Amino acid sequence: MAGKTLRLFFALWPDEATRSAIAALSQEVIVETGGRGIAAENMHVTLAFLGEQPARLVTRIDARSAAAAPRFELTLDELGCWAKSGIAWLGASAIPAGLAKLEQGIVMALAALGLEGDERPFAAHVTLARRIARPLRTRMVQPIVWSVDSFALVSSEAAATGRDYRVVRKWSLAH
Ligand code: 2AM
């Protein structure tokens, strides 16, 4: 019998203040684009998407080298959309060195388990709306400055109201 599997991804998980600031912006974007909203508790920046994996992988991941990356501030200052996937997003016009190092460390941790990273290049963003009806031109917005001191492994489960995201492991970044 096949063992239990989980749909997993690495993410930056916002603190409450950052989450509310992002959620407020997403309300404006939904009005502008006619898209479907994302539940505030689900908002995040995906670092790497692992897909469906055996549940035992959760405890096997060695993300120490990723956690050796220094803490950083992520300035979310850009709004835009990907028309092809129908997504409106909030992104960062500059990637801090700590985030680049963290991302690299995650790719290494996955490679050590024989897993490949995403095919698509890393684009730090928070999805604000899906299935947008009208495009959003890329533009700068009042920046949301997020002090990132940890990252998480998250599972995505089907729920009556959409997807339910659950943090299954969390690592602190270096000081
Ligand atoms: P997103 O980061 O653009 O919102 C969980 O599904 C998270 O992983 C979502 O935030 C999703 O998109 C991201 N993700 C990245 N690659 C994915 C893929 N191939 N399939 C589903 N989700 C993916």
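**View 1. Arg131 in the loop between β6 and β7.** Arg131 counts as exposed because its relative accessibility is 61%; exposed means over 50% relative accessible area, buried under 20% and partly exposed in between, with a 1.4 Å probe and protein chains only. The residue sits in the loop that runs between β6 (125–130) and β7 (139–148). Helices (H or I, at least four residues) and strands (E, at least two) are DSSP runs, numbered from the N terminus. Phi of Arg131 is near 50 degrees, a positive value in a residue other than glycine. Most residues other than glycine have a negative phi. The model is predicted: local features need pLDDT of at least 70, side-chain atom pairs count only at pLDDT 80 or more, and totals for chains, interfaces and linings use all residues. Residues are numbered from 1 along each chain as its sequence is written, and side-chain values use heavy atoms, with hydrogens and water left out.

**View 2. Surroundings of the ligand.** Residues around the ligand are Arg7, Phe9, His44, Thr46, Phe49, Arg120, His125, Thr127, Arg130 and Tyr165, where near means that a heavy atom of the residue lies within 4 Å. For His125, an N or O atom of the side chain is 2.7 Å from an oxygen atom of the ligand. A polar side-chain atom of Thr46 lies 2.8 Å from a ligand oxygen atom, and for Arg130 the distance from a side-chain N or O atom to an oxygen atom of the ligand is 3.5 Å. On its own the ligand has 460 Å² of accessible area, and the protein covers 77% of this; accessible areas come from the Shrake-Rupley method with a 1.4 Å probe, and for residues only the protein chains shown count as cover.

**View 3. Strands β1 and β3.** Strand β1 (residues 5–12) pairs with β3 in the antiparallel sense over 8 bridges; two strands pair if DSSP finds at least two bridges between them. Phe9 stands opposite Phe49 in β3. Of the 10 residues of β3 (residues 45–54), 7 are buried, so the strand is largely enclosed by the rest of the structure.

**View 4. Thr33 in helix α1.** Thr33 lies in α1 (residues 16–33) and counts as buried because its relative accessibility is 0%. A polar atom of the Thr33 side chain is 2.7 Å from the backbone oxygen of Val29. Beyond neighbours within four places in sequence, Thr33 is in contact with Ala88, Ala129, Ile132, Ala133, Arg134 and Leu136; contact means heavy atoms within 4.5 Å.

**View 5. Ala124 in the loop between α4 and β6.** Ala124 is found in the loop between α4 (97–112) and β6. At 8% relative accessibility, Ala124 counts as buried. Leaving out residues up to four places away in sequence, Ala124 touches Val45, Leu90, Gly91, Ala92, Ile95 and Leu99. Ala124 and Val168 are 44 residues apart in sequence, and their C-alpha atoms are 21 Å apart in space.

How values were computed: Polar contact = N/O pair within 3.5 Å; in protein donor to acceptor, adjacent residues only side chain to side chain.
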